[in-house]
Amino acid sequence: MRKAGGYMTLEAALVVPMALCSIVLLIYFAFFLYGRCLLTQDAYILAFRSTRQNNTGWEDNPVGFVADSASDVLGKKYFGNSKPAVSAASSGKTVTVTGRASANHSAMGRYFLKPISGWEYMVYMKATKRETAKHIRTFKRLKDIGKEFSDGL
């Protein structure tokens, strides 16, 4: 009695494309996550550096500093993602940097879970201008007062 062949061919015809699409989708998710992490890091770097500008001409204009230095910080490291658009706003001592970008890949066309327009992501980071030396002196003084008070008891 002879066994019927062809079952392996049929199974492979169904399983291999599904496995291939799953691998491509994982790579696509990795590009998305990579771009999102980079943009979060770069937005905070821009916000933090804009609050640390002393005696450079930008101390009164943190929004101008962000606009001027954004291309240097963002660079060309957004592989697989669009170049981010960065904007900044300042309110008192707080600087807010907002970045937007998208991950657009045409590797899978419109199959499965891939949206037609890709995925867009946005980050919102803020930093507050602080006078670190003044805070350290204040903390040390409070510590000394507490020590004198506890030694007196």
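The model is predicted: local features need pLDDT of at least 70, side-chain atom pairs count only at pLDDT 80 or more, and totals for chains, interfaces and linings use all residues. Residues are numbered from 1 along each chain as its sequence is written, and side-chain values use heavy atoms, with hydrogens and water left out.

## Overall fold

The protein chain holds three helices and three strands. Helices (H or I, at least four residues) and strands (E, at least two) are DSSP runs, numbered from the N terminus. The order from the N terminus is α-α-β-β-β-α. Of the 153 residues, 25% count as buried. Buried means under 20% relative accessible area, exposed over 50%, and partly exposed in between (1.4 Å probe, protein chains only).

Contact means heavy atoms within 4.5 Å. Among contacts between residues at least 6 apart in sequence, 62% join residues at least 24 apart. The chain exposes about 11,300 Å², and carbon and sulfur atoms supply 61% of that area. Accessible areas come from the Shrake-Rupley method with a 1.4 Å probe; for residues, only the protein chains shown count as cover.

## The helices

The expected span of a helix is 1.5 Å times one less than its number of residues. The table sets this value beside the distance between the end C-alpha atoms.

| Helix | Number of residues | End-to-end C-alpha distance | Expected span |
|---|---|---|---|
| H1 | 45 residues | 67 Å | 66 Å |
| H2 | 13 residues | 17 Å | 18 Å |

H1 covers residues 7-51. Its buried residues are Leu25, Tyr28, Gly35, Leu38, Leu39, Asp42, Ala43, Leu46, Ala47, Ser50 and Thr51. They pack against H2, E1, E2 and strand E3 (119-128). An α-helix has 3.6 residues a turn, so residues three or four places apart point the same way.

H2 covers residues 62-74. A kink of about 40° is centred on aspartate 68. The bend at a residue is the angle between axes fitted to the seven residues ending there and the seven starting there. Pro62, Gly64, Phe65, Val66, Ser69, Ala70, Val73 and Leu74 are the buried residues of H2. Their cover includes H1, strand E1 (85-91) and strand E2 (94-103). Just after H2, glycine 75 takes a positive phi of about 60°.

The number of its residues that are buried is zero, so H3 lies largely in the open.

Is serine 102 buried or exposed? Serine 102 counts as buried because its relative accessibility is 10%. It lies in strand E2. Leaving aside neighbours within four places in sequence, serine 102 is in contact with Asn81, Ser82, Trp119, Glu120 and Tyr121. The C-alpha atoms of serine 102 and tyrosine 121 are separated by 5.9 Å, although the two are 19 residues apart along the chain.

Threonine 96 also lies in strand E2. It is buried, with a relative accessible area of 14%. Leaving aside neighbours within four places in sequence, its contacts are Ser87, Ala88, Ala89, Tyr124, Met125 and Lys126.

## The salt bridge

Side chains of opposite charge can pair when their charged atoms come close. A salt bridge is a side-chain nitrogen of Lys or Arg within 4 Å of a carboxyl oxygen of Asp or Glu. The count by this rule is one salt bridge. The side chains of aspartate 42 and lysine 77 form a salt bridge at 3.2 Å, N to O. The pair links distant parts of the chain, 35 residues apart: aspartate 42 is in helix H1, and lysine 77 is in the loop between H2 and E1. Aspartate 42 counts as buried because its relative accessibility is 0%. Lysine 77 counts as partly exposed, at 28%.

## A nonpolar surface patch

Leu10, Leu14 and Val15 form a nonpolar patch on the surface, with about 310 Å² of accessible area together. Patches are made of residues with over 30% relative accessible area and no salt bridge: like charges are joined within 9 Å, nonpolar side chains (Val, Leu, Ile, Met, Phe, Trp, Tyr) within 5 Å. Valine 15 sits in helix H1. At 52% relative accessibility, valine 15 counts as exposed.
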